[in-house]
There are 2 protein chains.
Amino acid sequence: MSPYHPLTEQEAIDIARGIPGVLAADGDVTCREIGDGNLNLVFHVRQPSTGASLILKQALPYAKVVGESWPLSLDRARIESEKLILEGKLAPGLVPKVYHADHELALTVMEDLSSHVIMRQGLIDGGAYPLFAEHISDFMAKTLFFTSDLGMNQQEKKLLARSFANPDLCKITEDLIFDHPYTDADTNSFDPHLAEDAKRLRSDGALHLEVALLREKFLTRAQALLHGDLHTGSIFVTEQSTKVIDPEFSYYGPIGFDIGAVLANLLLHYASQEHWSADAASREARRSYLTSTVRDIWTLFDRKFRALWNEHGADRVFRTAGYQDDYMLRLLQDTAGFAGAKMVRRIVGLAHVADIDKIPDPNVRAAAQRLSLAIGTA
Amino acid sequence: MSPYHPLTEQEAIDIARGIPGVLAADGDVTCREIGDGNLNLVFHVRQPSTGASLILKQALPYAKVVGESWPLSLDRARIESEKLILEGKLAPGLVPKVYHADHELALTVMEDLSSHVIMRQGLIDGGAYPLFAEHISDFMAKTLFFTSDLGMNQQEKKLLARSFANPDLCKITEDLIFDHPYTDADTNSFDPHLAEDAKRLRSDGALHLEVALLREKFLTRAQALLHGDLHTGSIFVTEQSTKVIDPEFSYYGPIGFDIGAVLANLLLHYASQEHWSADAASREARRSYLTSTVRDIWTLFDRKFRALWNEHGADRVFRTAGYQDDYMLRLLQDTAGFAGAKMVRRIVGLAHVADIDKIPDPNVRAAAQRLSLAIGTA
């Protein structure tokens, strides 16, 4: 193919036909662009006669959010495909298979996961995922441990970090999570009934100091190669299966940032039960499921990360008595902090979550929003 | 020039003659290789008729230490010349001028500083450098602040960090400072009379935990672009002038590592006064000079770094109330920790310092060594 241009559906089909072992040589193929058009084109290519299908994801050279448009590096597509391939090696079965990547076209061709649902929507629809804590703790323990100085050669880690410098997408996080929610930024967006709550956030000095410290960690703490955007909208699930997608924000950062993202989004969903549960009893049951999942994710992560450390620790110094406990405690502290920052920004910042925003009654929505802010700031 | 090969003296002269504005077109030129041959060739090119002179430093593709030889990336010459040029911009007058760099030849052509002495030797010879604290605090405050997220665009910082990934030379530090002194490593080297002291270091669990935490910081804390080897052997001085050389260990790391290196080497020299001072009174005076210098370096660094922060802070979040005090306190803690680790390794690890090793009387030397270990471990 020639240098970068947005693909047509016909071009997507031609590329899909060129992938060995997926589509049959004969048999019609259909293609539908199913992306939201804000950041990427997403082509769903199917062959009805065989049932085979695949996804082509192509990055666009800009981001469009609430009418704004700004340039965004196409290198994020290279980062996404390389990270997906690495995740597939470190945590087999927990990410879509990558069939092909073309860095010039900013294109990744991968497994079609339409048998799964996006976890955020699945939760909103009342779904429960009994294996999720097991799967996501597995994904995080393996991808984070084996890309950290604890679990890989420390010189190779420096070279890996070099190839995952990701300034454009880190900038989005630095601004939208660690800055704008605490000041009067144009990008902020919240319901009018939250004006006083947002104002309190802007004058809470103790909170500002904690957020500044979290932001420093995000900027400087090259602990492991993160997914970087691990919310429930980046996770496909069924009751039996979990697949993590969209690692375009991947970079070397603090481990707690990934864990915190998962927990924050479960807790936002917890807060949204003001609406989604039909009555008090079902709300209680649903919340118990969610808090158990939060607890299990940390507990399982902690256990698995320590087990990997004990079995595959990269060197002598990391076996120093007391060091592992000290490290895991700091991870838990970081996790709590990042989870809090991620909850706050989803209420008053630019990007919200459907769990909360789709609550129709403004009073019920306000209660869910305030509960989210209370958990997040605490 | 053709691809890499070690230069001859004649080739060094030819290159020197090609640098505009240093040597006169006519007039004989002499060349002498003055390196120690372990890591680099260093050619001193002079033109007696004009008094002009310059230095050509060429990296060798290996390191030789105590008879061992191991391969070492020539990329360190690129890192050294790029860092010298950047330091020259950020802290004018405090590094040698770079006239020319050739990355293929792993060569930097720079200002001749033979009017200066290496500070370690200057101190051993009884020299005092009244402007040193002012100069070195200036060098550190400017080079560290303006390469940190506090003082430069945070996206450009990520790209700068990418070009200063320096795995080979970081490996030397990771092993020789943060690992080997605390275990029975072949590289360790110490006087037989220190056998018991070294053994105690190998079984001090509380110390091992602190060293593991410092090593984690060295591995993961991308705060600023460090010099990376800022001991008194990397600093040329006169009473009026300070020039920092040899930044081949440069990489993005914890700021306290650079400050700690300076302080550790002043304190090693303090400990060596067991020998170098003629009597108790002069020893007292000398030690007072050294501790005042240690205090002044931190105090001036703290004042200057804060002033740069207040005037040139890169963004809003870094002006959060209480954040600067918190940050500077952590820098002081890091500085103390790294200084300690650097003192210990100079006594029992691979690379020692002449201040201590050149004390002829083994009993006096032992006292200086034990004082260094006591300060370092404390």
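This is a predicted model: local features need pLDDT of at least 70, side-chain atom pairs count only at pLDDT 80 or more; totals for chains, interfaces and linings use all residues.

**Stop 1: where the chains meet**

Colour chain A and chain B separately and find where they touch. How many residues of chain B are in contact with chain A? There are 38 of them, and they meet 38 residues of chain A. Together the two chains bury about 3,300 Å², with 56% of that on carbon and sulfur atoms.

Chain B and chain A have 8 salt bridges between them. To see a salt bridge for yourself, select E174(B) and K158(A): their side chains meet at 2.7 Å, N to O.

Which elements of chain B give two or more residues to the side that touches chain A? Select helix 5 (154–163), helix 6 (167–176), helix 8 (205–220) and helix 11 (323–348) of chain B. Helix 8 of chain B gives the most, with 8 residues. If you colour this side of chain B by class, you get 16 nonpolar, 8 polar and 14 charged residues.

**Stop 2: the five-stranded sheet of chain B**

In chain B, 5 strands make an open sheet in the order 1-2-3-7-6, with antiparallel pairing. Strand 1 (30–33) and strand 6 of chain B are at the edges, and each has a single partner strand, so one side of each has no neighbour in the sheet. From one strand to the next, the twist averages 15 degrees.

Zoom in on strand 7 (residues 107–111) of chain B. Strand 6 (residues 98–102) of chain B pairs with strand 7 in the antiparallel sense, over 4 bridges; here V98(B) has M110(B) as its bridge partner. Between these two strands, the hairpin has 4 residues, and A106(B) takes a positive phi near 55 degrees. Strand 3 (residues 52–59) of chain B is also joined to strand 7, by 5 bridges, and L54(B) is partnered with E111(B).

Next, bring in the helices. Helix 1 (residues 9–17) of chain B lies across strands 1, 2, 3 and 7 of chain B, at about 125 degrees to strand 1. Helix 2 (residues 75–90) of chain B lies across strands 2, 3, 6 and 7 of chain B, at about 30 degrees to strand 7.

**Stop 3: a three-stranded sheet in chain A**

Bring chain A back. Look for an open sheet of 3 strands in the order 8-10-11, paired antiparallel. Which strands are at the edges? They are strand 8 (117–118) and strand 11 (242–244) of chain A, each pairing on one side only. Strand 10 (residues 235–237) of chain A is joined to strand 11 by 3 bridges, and V237(A) has T242(A) as its bridge partner. Helix 4 (residues 132–145) of chain A packs on this sheet, touching strands 10 and 11 of chain A, with its direction at about 35 degrees to that of strand 11.

**Last stop: a salt bridge within chain A**

Over all chains, the structure holds 54 salt bridges. For one of them, select R370(A) and D197(A), whose side chains meet at 3.0 Å, N to O. This pair links distant parts of the chain: R370(A) is in helix 13 (residues 362–377) of chain A and D197(A) is in helix 7 (residues 195–202) of chain A, 173 residues apart.

Methods
Residues are numbered from 1 along each chain as its sequence is written. Chains are lettered from A and ligands numbered from 1 in the order in which they are written. Side-chain values use heavy atoms; hydrogens and water are left out. Contact means heavy atoms within 4.5 Å. Buried area is the accessible area (1.4 Å probe) that two parts lose on being put together, summed over both. A salt bridge is a side-chain nitrogen of Lys or Arg within 4 Å of a carboxyl oxygen of Asp or Glu. Ala, Val, Leu, Ile, Met, Phe, Trp, Tyr, Cys and Pro count as nonpolar, Asp, Glu, Lys and Arg as charged, and the others, Gly among them, as polar. Two strands pair if DSSP finds at least two bridges between them. Axes are lines fitted to C-alpha atoms, for helices over the stretch in contact, and angles run from 0 to 180 degrees between N-to-C directions.
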